[in-house]
Amino acid sequence: MKNINLQFYDGLKEEIRDSKSKIIILKGSDIIRFTIDEVKTLMTILQNDPCYLRGTLVIAKEVNKSTAALAVLGNIKEIYADIISEHAVKLLDFYHIEFEYRQMISFFENKTNSGFDPQEFLAIPCEFPTEIYVKLDGLFSKIPSDIKGWSKIFK
């Protein structure tokens with residue numbers, strides 16, 4: 001984060017809270033915003049260009065354990081979460097990924113608030129990020145390739 005203007009960085013953290021963007025990726029001087037779910041975005045990037053995320057700064061609306069596992073696999077340098085789960089914190093900490101967050105919760109709930117979010121639930125019993133990746137790959141057999149901003153990444 002040393003090369004990033006802190007005022008600019010704080011502005012992006014505010015943007016993630018107030019916009020439709022779910023995830024913002026900073027790679028060099030490029031800033032790419034995505035409105036698709038954080039996990040689906042990172043999965044799509046890892047499947048199309050496994051090295052793209054290396055050394056990036058990621059700002060996300062929500063970071064669950066699945067998102068954290070993909071951050072580890074993508075060699076993301078640092079991740080900011082507006083909201084993060086305790087499970088994600090443990091994983092990021094174990095793999096020495098720098099992170100910051102505004103709010104920590106025990107776990108993410110599903111849309112009806114009747115239990116765990118499916119992406120978080122499938123990741124909790126897994127010990128290794130690769131296990132989570134395999135389970136996610138099965139869950140998302142078809143990921144949309146029309147993610148907003150995608151053409152800017154892969155020309």
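Visitor: Let's start with Thr-41: where does this residue sit?
Guide: First, this is a predicted model, where local features need pLDDT of at least 70, side-chain atom pairs count only at pLDDT 80 or more, and totals for chains, interfaces and linings use all residues. Residues are numbered from 1 along each chain as its sequence is written, and side-chain values use heavy atoms, with hydrogens and water left out. Helices (H or I, at least four residues) and strands (E, at least two) are DSSP runs numbered from the N terminus. On that numbering, the place of Thr-41 is in helix 2.

Visitor: Is Thr-41 buried or exposed?
Guide: Buried means under 20% relative accessible area, exposed over 50%, and partly exposed in between (1.4 Å probe, protein chains only). Thr-41 has 0% relative accessibility, so the label is buried.

Visitor: How far apart in space are Thr-41 and Leu-70?
Guide: Along the sequence, these two are 29 residues apart. Leu-70 is one of the buried residues of helix 3. From C-alpha to C-alpha, Thr-41 and Leu-70 are separated by 10.0 Å.

Visitor: How many of the nine residues of helix 3 are buried?
Guide: Helix 3 spans residues 65-73 and is largely enclosed by the rest of the structure. Its cover includes helix 2, strand 3 (57-63), strand 4 (78-85), helix 4 (86-94), helix 5 (118-123) and helix 6. Among the buried residues are Lys-65, Ser-66 and Thr-67. The count that makes helix 3 enclosed is eight.

Visitor: How is helix 2 oriented relative to helix 6?
Guide: Axes are lines fitted to C-alpha atoms, for helices over the stretch in contact, with angles from 0 to 180 degrees between N-to-C directions. Those of helix 2 (residues 38-48) and helix 6 (residues 129-139) come within 11 Å and cross at roughly 100°. Angles under 35 degrees count as roughly parallel, over 145 as roughly antiparallel, 65 to 115 as roughly perpendicular and the rest as oblique. So helix 2 against helix 6 is roughly perpendicular.

Visitor: Which residues in helix 6 does helix 2 meet?
Guide: Contact here means heavy atoms within 4.5 Å. Helix 2 brings Val-39, Met-43, Leu-46 and Gln-47. On the helix 6 side, the partners are Tyr-133, Leu-136 and Asp-137.

Visitor: What about loops: which one holds His-96?
Guide: His-96 has phi near 60°, a positive value in a residue other than glycine. Most residues other than glycine have a negative phi. At 71% relative accessibility, His-96 counts as exposed. Its place is the loop between helix 4 and strand 5 (98-105).

Visitor: And what is the relative accessible area of Asn-113?
Guide: Asn-113 is found in the loop between strand 5 and helix 5. It isn't a glycine, yet has a positive phi of about 55°. Asn-113 counts as exposed because its relative accessible area is 54%.

Visitor: How many disulfides does a search of the whole structure find?
Guide: A disulfide is a pair of cysteine sulfur atoms within 2.5 Å. Cys-51 is partly exposed at 44% relative accessibility, while Cys-126 is buried at 4%. The number of disulfides found is zero.

Visitor: Zooming out, what percentage of the residues in the protein is buried?
Guide: The protein has seven helices and five strands, in the order α-β-β-α-β-α-β-α-β-α-α-α. Out of 155 residues, the buried share is 45%.
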